[in-house]
Amino acid sequence: MQDRFLADVLRNRHNRAILERWPALALPDGWLVAGCLFQTVWNLQAGRAPETAIKDYDLFYFDAGDTTAAGEQSVQARVDAVLGDIGVTVEASNQARVHLWYESHFGQPYAPLHSAKDGIDRFLVPATCVGIRPAELYAPNGLKLLYEGLLTMNPLTPHRELFERKAASYRARWPWLRIGPLGTDPPAPSAAGSCSGNPWSAADDSRGG
């Protein structure tokens, strides 16, 4: 399933462009995450163009040495300089500072993170916990939920109201998605949890897209 996922997300030309320019971004612990990945898959399953209605492309990085808004803005300026010509919004978010703004923005507490992967782990919907970078895929809950279109609440971020709003937004765009039982742990990850090597060819918000 890893190979299928990587092939699917690379059908989105904007994902390809971002990954082709990855070294120039120079993101510490950087990952391309969230909606640009799983929404590409859902678009393909719905018979749509892979880029359809994807509002932005999220980059996570982790820099505990600079948790200021100004530092994040400086990284965003570099991202804009590298990717500004591809014609989509690309947003960079320092996961080391999410706990500083999350509660005031979403009304729920948020414990400090220790890596960009921790941020991926805490997306509101386990099926959407995916990230990629050249030569690596991170999918802590596997990929089965994503391809089955099963939306469940993440026990690491058990915020029912936020989950319900997120799930409703997804189902408005992809009506075939299903909402599973709430308050239960997601299935154990499959072998698709992560991969390394070199899978690449030569050629709403930061909590889940």
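An α-helix has 3.6 residues a turn, so residues three or four places apart point the same way.

The model is predicted: local features need pLDDT of at least 70 and side-chain atom pairs count only at pLDDT 80 or more, while totals for chains, interfaces and linings use all residues. Residues are numbered from 1 along each chain as its sequence is written, and side-chain values use heavy atoms, with hydrogens and water left out.

Contact here means heavy atoms within 4.5 Å. Helices (H or I, at least four residues) and strands (E, at least two) are DSSP runs, numbered from the N terminus. For a check on geometry, take the end C-alpha atoms of α5 (residues 69–83): they are 21 Å apart, which agrees with the 21 Å that 15 residues should span at 1.5 Å a residue. The expected span is 1.5 Å times one less than the number of residues.

Move to helix α1 (residues 2–9) and helix α4 (residues 35–45), which pack at an angle of about 90° with their axes 9 Å apart. That angle makes α1 roughly perpendicular to α4, a term for angles of 65 to 115 degrees. Axes are lines fitted to C-alpha atoms, for helices over the stretch in contact, and angles run from 0 to 180 degrees between N-to-C directions. To see the contact, select R4, F5, D8 and V9 of α1 together with L37, T40, V41, L44 and Q45 of α4.

Centre on T40, which lies in helix α4. Is T40 buried or exposed? T40 is buried, with a relative accessible area of 0%. Leaving aside residues up to four places away in sequence, T40 touches D8, V9, N12, N15, G35, P50 and I54. Of these, N15 is 25 residues from T40 in sequence and 9.4 Å from T40 in space, C-alpha to C-alpha.

Two loop residues follow. A34 sits in the loop between β1 (31–33) and α4; its phi is near 70°, a positive value in a residue other than glycine. A34 counts as buried at 1% relative accessibility. A53 belongs to the loop between α4 and β2, and its phi, near 55°, is likewise positive in a residue other than glycine. A53 counts as exposed at 57% relative accessibility.

Finish at helix α9 (residues 160–173), whose 14 residues reach 20 Å from first C-alpha to last, close to the 20 Å expected at 1.5 Å a residue. Select its buried residues, L162, F163, K166, A167 and Y170; they cover an arc of only 125° around the axis, which puts them on the same side of α9. On the other side of α9, E161 and A172 are exposed. The buried residues of α9 pack against α4, α6 (98–106), β6 (150–151) and β7 (178–179).

Conventions. Parallel < 35°, antiparallel > 145°, perpendicular 65-115°, else oblique. Buried < 20%, exposed > 50% of the residue type's maximum accessible area, 1.4 Å probe, protein only. Arc of directions from axis to C-beta.
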